[in-house]
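Subject: Structure for you to look at

Hello,

Here is the structure I promised to pass on. Please open it alongside this note.

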Amino acid sequence: MTFAIVKSEKEYSPRDRLIAGLAPGRRSGRLPGGHIDDRAALRKAISLCSDCLPKFNREAYDYTGKPNLPLVRGRCDGCMAYSPHMRLLVHHSLVSNM
Ligand SMILES: [Zn+2]
């Protein structure tokens, strides 16, 4: 039995692999509302900092917070700044009712 081991010519460190998996986020010149509209249309999770959270009408997009995950940290989908206290919003259809 042979295994398909794909080796690239460049050796990746664990740090390189993590950076390669990082979502590119909003590209420069793109307005934050358009970026979040696209994520909402695809029912992707949206994380927003405390400044950007009031600007997103979650009822209009049928989004809700996750009660078991009150805070997340990372890059805000609105202002692209790192925040250790963001709210994670997910589409209603993706929340389990347990
Ligand atoms: Zn923000």
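Below is what I found in it, from the whole chain down to single residues.

Please keep in mind that this is a predicted model.

Overall fold. The protein chain has 2 helices and 4 strands. Along the sequence they follow the pattern α-α-β-β-β-β. The C-alpha trace spans about 50 × 40 × 25 Å along its principal axes. The radius of gyration is 17 Å, whereas a compact globule of 98 residues would have one near 13 Å. Of the 98 residues, 17% count as buried. Take the contacts between residues at least 6 apart in sequence: 66% of them join residues at least 24 apart.

Core. The largest nonpolar core has 11 residues. They are I36, A40, I46, L48, C49, C52, F56, Y63, C76, M86 and L89. Three elements each supply at least two residues of this core: α2 (32-41), β1 (46-48) and β4 (82-91).

L89. Leaving aside residues up to four places away in sequence, L89 touches A45, I46, L48, R58, Y63, T64 and G65. Of these, I46, L48 and Y63 are also listed in the core.

R73. This residue sits in strand β3 (residues 72-75). M86 is one of the core residues. R73 and L48 lie 25 residues apart in sequence, and their C-alpha atoms are 9.5 Å apart in space.

Best wishes

Note on methods: Residues numbered from 1 in each chain as written. Predicted model: local features only at pLDDT ≥ 70, side-chain atom pairs only at ≥ 80, totals over all residues. Core = buried A, V, L, I, M, F, W, Y, C linked by C-beta atoms within 7 Å. Buried ≥ 20, exposed ≤ 12 C-beta atoms within 10 Å, placed from the backbone. Contact = placed C-beta atoms within 7 Å. Rg over C-alpha atoms; globule rule 2.2 N^0.38 Å.
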